Amino acid sequence: MRKLACLITLFTLFFTVARSQDQGKVIKGKVVDETTGKGIPGVSVILKGNTTGTQTNNDGAFSITAPSLANAQLEIGSVGYERQVVDVKGRTELTVRLKLEAKGLEDVVVIGYGTQSRRNVSGAQTSFDVKTIEEKPIARVDQAMIGQMPGVVIKQQTGMPGQGFSLTVRGPGSIAGGTEPLYVIDGFPLDVVSQGTNGSFTANPLNNINPNDIESIQVLKDAAAAAIYGSRAANGVVLITTKRGQIGKTKISVNAYGGTSSVAKKMDVLSPQEWIDMSTELDNYKYITKYPTASVNDNNAQRRIVTGTAAGAYSVQYMNDDRWTQPGHPGLRYVNWQDEAFRPAPFQNYEVSASGGNENVRYFFSGAYLDQKGVLLNSGYKNYSARANIEVNASKRFKMGFNLAPSYAETATPLAEGKDAQLMHLFNMTPIVEDSAGLLSGAGKNAVYQWASSSVSPVAYLNNTISLYKTTRILYSMYGELTLAKGLSARSSINYDESNQTYKRYISDFVAGNISNYLNIPGRSSSGAYSGFKKQNIVNENTINYNITLKEKHTITAIAGMSYSFAHTESYTLSTANGFNNDAVNTLNNASPTAAGVTVTGNTTETNNALMSYFARVQYSYLGKYLLSGSIRRDASSRFGIDSRWGTFPSLSAGWRISDENFMKNVRFVSDLKLRASWGRAGSSNIGDYQAIPTLANANYSFGTTAANGEVPSGVASPNLHWETSNTYDLGLDATVLKNRINMTFDVYRKVSTDLFLQLPTLAASGFLSALQNIGQVQNQGLELGLNLVPVMTKSFQWSINANVAFNQNKVLKLGIDGAPINVSTAYTGNPPFLLQVGLPMYSYSLIKSNGILTAADIADPKVAKLPLETVGDTKYVDKDGNGIIDANDRLLLGQPNPKSTWGLTNNFRYKAFDLSIQMYGQEGGVIYSFLGRATDNPANGRNTTNGIWRDRWTATNQNYNAPRGKIGEAYTIPLFTSDWLYSSNFFRIQNITLGYNLKSIISSGIFSGARIYASLQNYFDWDKYKGGVNPEAENTNVSGSSAYPLPGDYGAMPLNKTITFGVNFSF
Amino acid sequence: MKKVLYTSGCLALLALGACNKDLTQVPPSSTTTANFYGNTNDFTQAVTGAYSKLRNYPDAALWMGEVRSDNVVIATDGNRDFQGINDFSPNLTNTSFVVTEWDNDFSGIFNTNTVLDKLVTNGTNIADTSLRRRFGAECHFLRAFYYFNLLRFYGKLPIVTSALTPPQVAAIPRSEVKDVYTLIISDLQYAAANLPGAYSGADVGRATSWAAKGVLGLVYLTRSGPTYGLTSGPGLASGEYDLARAQFDDIINNGGFVFSTDYPSIFSYTNENNKEVLFDIQYISTTNGGDFPSQIVPASYWTGLGLSGYDNAYGTSSYNVTKNLLASFKNSAGPGVTDKRDTFSIKHAFLQTTTATVPDTINPFEKKYINPALRGASRSDWPINFIVMRYTDVLLMKAEAILRGASGTQSYVDSVVNKVRTRAGIATVSNVTIPMLMEERRREFIAEGLRWNDLVREGMAVTTMNAWIASDTIPTIRAIIPQYIIYPVPEAEILTKPGLYTQNDGYY
């Protein structure tokens, strides 16, 4: 409380300072838009060389006092316009015409440890136009970046609210070391957090950041731009700069939006009647196959005699439910489970920010609240966040400031995604229940419908479980910058990032599927857990900067510094040992004891890592025409062996501004043309702590009646473990033509990642199945093209296009010692479907190929390879080696998981007060193997086969050999991992359509400097060929089951949300 | 100005010193090989770790020994891993049971080798020299035990006798079966000479010298078995029946074991580690429960008991005791008599749901180790030991050795078999032959996972199995060929270092 009071006092002080003004002559003026001639409100007008500043009013008018009119210079600037310095020349009234900022060209862009004019950038980096965030309802920063930057691929793995998305820059360069980039927020490099092996994130760096607080986002793609971040830059670096106060009057802006989400796509499953048809066919087939005397036409009474079933009882494998054919199916209820579990969900978001400042103090404050109900029952996300950025010029030489961003989020994430979780149940649940049980089928005292797969109703499950994350996060930076001499300054910062997360899970015995316990020992089958972690990361960075321009020709910028980072994580977990005493209280104090008196099991673990770095960079420019830049970084990480922990990461880049050459002077249509070339090396240490140290693990046993603790080595020691490094070569061309109407960036690159962290398979006789080594090489090479076009630019109508396309070719160059291919198995039975092999893309699919349906002629033909027990109507497989046997040797290479090309296209239109933007993106060239597909669409799964594809199956009466699937209920053993469940992951999606209307022409009260209302549609339209699930980008299960080969796949994904939103932006 | 620079320079240097130290991190939450093996307690835990891989033994014995044999036939509801084992599929290289057992035994061998290595380097940290010797002998026993399991299931094996790195192991090909036997026998001889004869209190269940001798006797008996015309099977036709008999005689004369008069009490939850037991895999509830009682049991049995979470999680398959075995019990007991082992070991009828009135009588299964009243918290928490070798086995193996040519009399053989039959409550027999003896073993050791190895050892794996398939008319099971007496090497092992291991014949 006292701290708060202190802060408030401090703020008051700032405001007081901000209001102080000098006395003198008054200059009156108006700032207008050069094209429209209309007054521009909120423009900052500063008297140069003085602390005096003001802002224009709603009509663009201002008045400022200067000590003398003769030499006064006014510095005038506003976001989106080019800054101007006006000589007053004694005038007391003047009109200033501001030019719209030539897009991109004269921008100052943020680079690692500094800023640079975009003109002079010689590395490959791409920036994201943050203004588009402000105009759209965006809950997460990563969501806003989708499809906006060439070579930056953002995957929406899930539609669960509050979840982070995966971001990959220029293709995956690591097999086990993660592919997530380094995030740097306001100069604070956050600890790299990798995507979990199942595709989720526990502490995504972009969580809890309010998109509206962001001023700019830069993605450093090549090693030359990123190498200054050394060992953590191999996967690219995302630089995020938050908003700062601008000199001028306090600007307050309010954004509010709300709307409704619903599922973008539902899984196509059989309807109840279709399911009955299939089930009847299945029962009949099994019945006549099993019993020689049986006939399909036998009624249930006759079937009881044949199968030896008691009167009134059903042998459900061989008998149909009599009610299926009775009119109105008495006693049964038909259910569309997806309709029952998905709901239209409202969301609302409010943001307020205030910013302003004077020459001495600049500030930005914001607060935001987001409440997003989930489309799936019992899911949702709430986020409360705030930010304060304050910078003070303490003296002429010393500047200091702090950034503070606390936030709190509650994420209700039902246990719904992944194998045998509720979404998979939703998709393969039998669409029929006993009327008496209804949606509570299998829950409480209700038995599961006899003919159903044995699942508890997902609706009941979702409604009777708790799965809630609460996350508090605080990001804090404090810095000081001292000007030592002209052009020489030193800066030091201390940064602290703390995340605290708790997780509560409770599964009531009502849905535990144990009727006997539910009735006789209430609470016993309930289970609960409470777990969480605290993660602390402290970073200290100290740099010295030097800028000098010699003879107005040579500009040199140099920086040298050191950085130290320490991360500590402690986590705990508690869970019930023996259920609960009852269902009334679901905290663990209500847990019931085992015979041994144990109520709760739990443990805690801690882990640390330290990173120490030195770095330097020199940038040289000759007349802005010839550009050179070189950087070097030395990093040491505690994760590696004592002799291998230091790594060196150098980079070089050069640029040639062709357009400044004499021979280009006459080429009028080219405003700017720059050729860039760069090379750099970056690293990755993303393998977790203590991998170089041989540790022991528990391996227990018991003797007599006594438990005995045992210890065995937990893995192969890797004392020489060191950095993964990637070398990137990049050649780029930036061009601006036709007076900034066309902006183009073209890059061609080759990135070779070496010394990969690889859990190389080892022979079991070594005691382990794999060992972590620095072995292997992966190459990503490709082309990227970014294009900004302004086809129409008139007073009343403007149209701009942002288009980008990227092609990436991923290839394994080296593996293991002798280059043997690595066959990566799944966590499930079957031939290994993934292949790591030199010359192929990472994790290429190696599957047995289905090729139609066996005809009678095929069955008779001994040359056609068949599986034992296959008959007419079953799947025909390709016998690659032609030996008549279908086995692992018949696997064929059937594609790669990563897309070969990705693209994005955004069209922005502005007509008078209306604005319209349409964002699209897509990908081509990848495939996805769906485990969910296999679970819902498999002839051996009997009644669990619910995929809509079975509508057109082959049957004895409908001998359609072109059907997508053969016979249902097959007895032969399917060679698992066949092409049946491999789908193209090509898609394109209209990510966002936003229509806005600027109210300024209507509201003329003078209070507002900006007012806009808008409506927006998100994820409303998409096209894909994915029948194995609901989202071709879905990731929710580590299908390899091993952290050595993290392979997030789809085993039941939350569909993406489509949302309709209405919102308002006000600023005053 | 200079002052500022100077001060910050100093501060930076100070910070560097502190930071450099931070680069050496010790895990706060796990022990490392550098700070372990420092005292007796550490070694006690390391030896316990060497035992821990025994926990997979019963599952392998049931799935790869019982299910493979003519004792059990499976009707499955889908694509299950055990189907190929039961059906004699030539494609078992990715079958989880086959893969797990290979990995598991080699992991156990690595753990024992680690302790043996550390006993050499750090052994003096154990002050009590007799304890140090015992630890070593226990590890020799365990290494032999793991290797013998592997040898009987897979044939030729790479021989690894210390904790080696992966590249070192990648240079070791599979050795001939006879060379693996040499290691096994020398390990068992060392263990037999250095292990105590019995333990008390919290050490009960550790390997004894008698356990080592019993296994050694079985090793000689197995090595003496027929080759089936192969060079990779466990039988080398070595004719060492006298060597086997000598081990069994030592146990019978000096071991202090007792032939239990009550068959069920041998497997009683309240009579563990009884006088019948030479060696068993230890389980207690909560920290070290067993999952084998739930393995080859139909899920509907548990449903009928109103229990969930005790099924084997393999769907609704049934694991039927074969008609042939049911008939064997019936025929040897004769009309009006029931074999006590039949009653105790087989569930002939059970209710499939809690509300059912008509019991399932067409899916009899092995229930020998199940006592629902004393179950643990889940399918993997059964508090009952699994017997690896018991005194009755020693007696019958001695009889087998005699019938195969070791010194001894037919009357001894008959007396042992009749001892067993009398305990089972059935009539005595005379002039026992090898087939009679093996059929008696089949009934005596039902559900103990011995049957498949017995068939292989006595040269019956092809003939008896094929005869059974024909008599029980089971269309799904392929004809047995000699190559099937062992399993294939897991595919991953073949792929990891191409060319190092060759796949066993008969498999792809």
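Reply: In chain A, a salt bridge joins the side chains of A:Asp213 and A:Arg387, with 3.3 Å from N to O. The model is a predicted one.

Me: Why is A:Asp213 called buried?

Reply: The relative accessible area of A:Asp213 is 4%. Buried means under 20%, so A:Asp213 is buried.

Me: How do you know whether A:Arg387 is buried or exposed?

Reply: A:Arg387 has 6% relative accessibility. The limit for buried is under 20%, and therefore A:Arg387 counts as buried.

Me: What makes the pair of A:Arg170 and A:Glu784 a salt bridge?

Reply: The closest N and O atoms of A:Arg170 and A:Glu784 are 2.9 Å apart. The criterion is a side-chain nitrogen of Lys or Arg within 4 Å of a carboxyl oxygen of Asp or Glu, so the pair qualifies as a salt bridge. A:Arg170 lies in the loop between strand 12 (166-169) and strand 13 (182-185), and A:Glu784 in strand 40 (residues 777-793), so the bridge ties together parts that are 614 residues apart in sequence. Both A:Arg170 and A:Glu784 are buried.

Me: Which parts of chain A does the salt bridge of A:Arg1012 and A:Asp915 tie together?

Reply: The side chains of A:Arg1012 and A:Asp915 meet at 2.8 Å, N to O. A:Arg1012 belongs to strand 53 (residues 1010-1024) and A:Asp915 to strand 49 (residues 914-924), so parts 97 residues apart in sequence are tied together. A:Arg1012 and A:Asp915 are both buried.

Me: Why is A:Asn495 called buried, and what does its side chain touch in a polar contact?

Reply: A:Asn495 has a relative accessible area of 2%; the limit is under 20%, so A:Asn495 is buried. A:Asn495 is placed in strand 25 (residues 488-507) of chain A. Its side chain makes a polar contact with the side chain of A:Ser477 at 2.7 Å, where the cut-off is within 3.5 Å. Beyond neighbours within four places in sequence, the residues in contact with A:Asn495 include A:Phe188, A:Tyr476 and A:Asn537.

Me: What makes the ring pair of B:Trp102 and B:Phe106 tilted?

Reply: Ring pairs are described by the distance of the centres and the angle of the planes. The ring centres of B:Trp102 and B:Phe106 are 5.0 Å apart, and the limit for a pair is within 6.5 Å. Their planes stand at 55 degrees; stacked requires under 30 degrees and edge-to-face over 60, so the pair is tilted. B:Trp102 and B:Phe106 both lie in helix 5 (residues 96-122) of chain B, four residues apart, about one turn of the helix. Both residues are buried.

Me: How many residues of chain A are in contact with chain B, and how many salt bridges are counted between the chains?

Reply: In chain A, 68 residues are in contact with 72 residues of chain B. The two chains bury about 5,800 Å² between them, 63% of it on carbon and sulfur atoms. A:Tyr701, A:Phe703 and A:Leu763 lose the most area on the side of chain A, together 15% of what that side buries. The count of salt bridges between the chains is zero, whereas 16 residue pairs are in polar contact (both at pLDDT 80 or more).

Terms used
Residues are numbered from 1 along each chain as its sequence is written. Chains are lettered from A and ligands numbered from 1 in the order in which they are written. This is a predicted model: local features need pLDDT of at least 70, side-chain atom pairs count only at pLDDT 80 or more; totals for chains, interfaces and linings use all residues. Side-chain values use heavy atoms; hydrogens and water are left out. Helices (H or I, at least four residues) and strands (E, at least two) are DSSP runs, numbered from the N terminus. Buried means under 20% relative accessible area, exposed over 50%, partly exposed in between (1.4 Å probe, protein chains only). A polar contact is a pair of N or O atoms within 3.5 Å; within protein, one must be able to donate a hydrogen and the other to accept it, and residues adjacent in sequence count only if both atoms are side-chain atoms. Contact means heavy atoms within 4.5 Å. Buried area is the accessible area (1.4 Å probe) that two parts lose on being put together, summed over both. Rings of Phe, Tyr and Trp (its six-membered ring) pair if their centres lie within 6.5 Å; planes under 30 degrees apart count as stacked, over 60 as edge-to-face and the rest as tilted.
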